[in-house]
Amino acid sequence: MTESPRRYAIPSVSSILEMPTVRALLADHPREIVLTAIRALLARVRDGELPVGNEPVPSRGGTADAVVSMLPAEVGRLESIPLRRVINATGVVVHTNLGRSPLPAAAIEAIVETAGGYSNLEFDLEKGERSSRSIHVEPRLLALTGAESVHVVNNNAAALMLCLAGLARGREVIVSRGELVEIGGSFRIPDVMAESGARMIEVGTTNRTRISDYERAITPDTALLLKVHRSNFTITGFTGDVSTSELSVLGMARGIPVLEDLGSGAFFRFSDAGISGTPTVRESLAAGADIVTVSGDKLLGGPQAGIIAGRGDLVGPLKKHPLSRALRVDKLCLAALSATLALYEDPRDAARRVPVLRMLTENAQTVRARADRLVRRVKALQRKSSVETVELSMAVVPDMSSPGGGAMPGVEIATACVAITHPALSPHALERLLRTGVPPVVARVAHGRLLLDLRTVAEDELASLAGALHDLRLRPESL
Ligand SMILES: *Cc1c(COP(=O)(O)O)cnc(C)c1O
């Protein structure tokens, strides 16, 4: 039988703010940080994780005292959060909040090589004269995409903004109502369009758009036909879409270029690995898109970048557009992108050495073997430990991972997870303990259990992950 959760009297944020020790804290620390710290501690009280110790504190005042006693440490913790390495045990491969693509080793080496000294970033060593920074990635991108011309900017949002501003400012861009997407944060197609100075002409409906809808909307002022990849959702049921090739037939007949925002845009044939529905950039261009934009750090698996590829007469002028200077990529990005693209020369090499590709294509048995190794490591630490600790129970279970990050909506990949249960803590409490530990481990709660999905955990992270799980048993909150 499980015990019913203990109930604590929860003090209000304002009552805590008025306590003398807190006022003293406010004199030395920003109010926002103190408030965030109070809210975080109260949330833990609510979840039954606080106060520390075995006895619940029955009165409102007692709980407030306990919260206040932990406040300086919590404020200190909040003030010292640097950008740091975390272990992604969510199984979401392209996880935007966790930094999207872990870079290939070759890309990291290229960054290190370039970062510490001067480089031939914009200097032709043969001729001894100034050159363009894009030559470090252009030949490879041209070869991989089959495009006439390419241009690299800061990210895909910048790539789309530049295309719209450079090719359609003050003119009309036709887009389907089913593709007016929000990718997350502040990226919404209508807003990007407005900011670029292009006029958006919506056609069709949310679920169905026909080629005749585009056709009827064309005027002498139409600059582009825009197609946007539905990166993070699917529409099912009574639906209808216009394909890139249909759109291109119309565009060609009327002399209007087709711009396709591919978002995740693959450079690897995922269909060969049994994951269908994700066309490569080359396939989109071959299907008739005149110009496409893609992210560097989604399915490509490289650094944050936006790649514009397409017809020379369209891409060429964008390179000289005034916005291009504001959106340009730095040398570290170019070093990493160039090294990542080099791995794509041999697709089998790419599948092994680009972490995003490796994680997406790894089969469930291989993930399962890693999950077994993790469990063995934790048990070994347990045997060596002299401290009496609570029993964590661990089981390797099948589940599904998701590609994530605006890539392959609706696709799920069979995986293996370590399910963890604790005799006294809820899965959510365990999740929070792992997330706030060292190293931070981000996991997911599903089916009433804490799940660590080993698809996104690298072999060289197993030791520190095992350590974090072992520590969990020793953390005061879990005693
Ligand atoms: C992800 C995405 C973007 C934004 O790309 P960033 O590289 O994050 O700027 C734009 N459009 C689509 C369709 C996307 O999937």
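Helix axes here are lines fitted to C-alpha atoms over the stretch in contact, and angles run from 0 to 180 degrees between N-to-C directions. Helices (H or I, at least four residues) and strands (E, at least two) are DSSP runs, numbered from the N terminus. The model is predicted: local features need pLDDT of at least 70, side-chain atom pairs count only at pLDDT 80 or more, and totals for chains, interfaces and linings use all residues. Residues are numbered from 1 along each chain as its sequence is written, and side-chain values use heavy atoms, with hydrogens and water left out.

**Helix packing**

- Helix H5 (residues 105–115) packs against helix H14 (residues 331–343) at an angle of about 145°, and the two axes are 8 Å apart.
- H5 and H14 cross in a right-handed sense; a crossing is right-handed if the near helix is turned clockwise from the far one by less than a right angle, and left-handed if anticlockwise.
- On the H5 side, the residues in contact (heavy atoms within 4.5 Å) are Ala 106, Ala 107, Ala 110, Ile 111, Thr 114 and Ala 115.
- H14 contributes Lys 331, Leu 332, Ala 335, Ala 336, Ala 339, Thr 340 and Leu 343.
- By class, this contact of H5 with H14 has 10 nonpolar, two polar and one charged residues. Nonpolar covers Ala, Val, Leu, Ile, Met, Phe, Trp, Tyr, Cys and Pro, charged covers Asp, Glu, Lys and Arg, and the others, Gly among them, count as polar.

**Cysteines**

- The structure holds zero disulfides, a disulfide being a pair of cysteine sulfur atoms within 2.5 Å.
- The closest cysteine sulfur to that of Cys 163 is in Cys 333, 17 Å away, which is too far for a bond.
- Cys 163 is buried, at a relative accessible area of 0%. Buried means under 20% relative accessible area, exposed over 50%, and partly exposed in between (1.4 Å probe, protein chains only).
- Cys 417 also counts as buried, at 0% relative accessibility.

**Arg 230**

- Arg 230 is found in the loop between strand E9 (222–228) and helix H10 (244–254).
- With a relative accessible area of 16%, Arg 230 is buried.
- Its side chain reaches the backbone oxygen of Gly 178 at 2.9 Å.
- Leaving aside neighbours within four places in sequence, Arg 230 is in contact with Gly 178, Glu 179, Val 181, Ile 235, Asp 241 and Pro 409.

**Val 375**

- Val 375 lies in helix H17 (residues 364–384) and counts as buried at 10% relative accessibility.
- The C-alpha atoms of Val 375 and Met 394 are separated by 7.0 Å, with the two 19 residues apart along the chain.
- Beyond neighbours within four places in sequence, Val 375 is in contact with Met 394, Val 396 and Val 418.

Note on methods. Polar contact = N/O pair within 3.5 Å; in protein donor to acceptor, adjacent residues only side chain to side chain.
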